[in-house]
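Q: I would like to learn how to read a few side-chain features. Can we take them one at a time?

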Amino acid sequence: TVCAWTWVGKRYLEAAMEERKDQAEFKVRWRSVFLDEKFMGDKTRPHLEWLAEEYGQDVADLMRDKKLSLFSMGKEKGLDFDTSRHMADSTRSHCLIHYAGSVSLDKQGELVELLLKKHFIEAVDLGSVSNLLQAAKEVGLDVDASKAAMEDETLKQQIMSEHRKARDDLGVKGLPFFEVFLEGDSNGIPRSFSHDQPTESIIAVFDQLTSKATKS
């Protein structure tokens, strides 16, 4: 929820699913990966400051001036990004997304879209419990259950385990990272790709999988 490429990649995926909606039924489940494990706790930091430390001042300046490819690619998908946003611990937002997924995948998708909009366009702090509860309320989630999920230490440990599995076992380094597989195909190897795959490449992955289903 704090990596802008997630929103761009989400739009590529949605465009691909729209192109193949007559050939397959799609289910999307969002899982947890952290952009930076150093942001744990209640501290926040300006995104541009973090970017300068991680990637150099030149990159931060390009981000500030909206000259990175992120902005042109986002604009093609109707997205804009506020560069005044802050980095914060996203553990609570992951807990909330996990809870939404237990209600329904549609509800989870609705929440993810809203959180991305709040963070990247409105520069809302997603480390804030009150901001997250407001988002939960806006998508119709039970507020008490949402708060409980964000305070659930067992769920926090589960989310961290999910992150480490993605990082260590799957080798995830860039966000978003997608795995696509046929439901019920326990022997199939998921097709994986990251944000830099255009819609046409994602469609090709879908076609490979549906072709396999047709032959089996």
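Q: Which residues do ring pairs link into a cluster?

A: First, the ground rules. This is a predicted model: local features need pLDDT of at least 70, side-chain atom pairs count only at pLDDT 80 or more, and totals for chains, interfaces and linings use all residues. Residues are numbered from 1 along each chain as its sequence is written, and side-chain values use heavy atoms, without hydrogens and water. Rings of Phe, Tyr and Trp (its six-membered ring) pair if their centres lie within 6.5 Å; planes under 30 degrees apart are stacked, over 60 edge-to-face, the rest tilted. Here the cluster joins W7, F71, F81 and F120.

Q: How many aromatic pairs does this rule count?

A: Eight aromatic pairs. Take F71 and F81: their ring centres are 6.0 Å apart and their planes stand at 75°, so the pair is edge-to-face. F71 sits in helix α4 (residues 69-76), F81 in the loop between α4 and β2 (86-88), ten residues apart. Helices (H or I, at least four residues) and strands (E, at least two) are DSSP runs, numbered from the N terminus.

Q: Are F71 and F81 buried or exposed?

A: Buried means under 20% relative accessible area, exposed over 50%, partly exposed in between (1.4 Å probe, protein chains only). Both F71 and F81 are buried.

Q: Why does E162 count as buried?

A: Its relative accessibility is 19%, so E162 counts as buried. E162 lies in helix α9 (residues 153-168). Contact means heavy atoms within 4.5 Å. Leaving aside neighbours within four places in sequence, E162 is in contact with R31 and S32.
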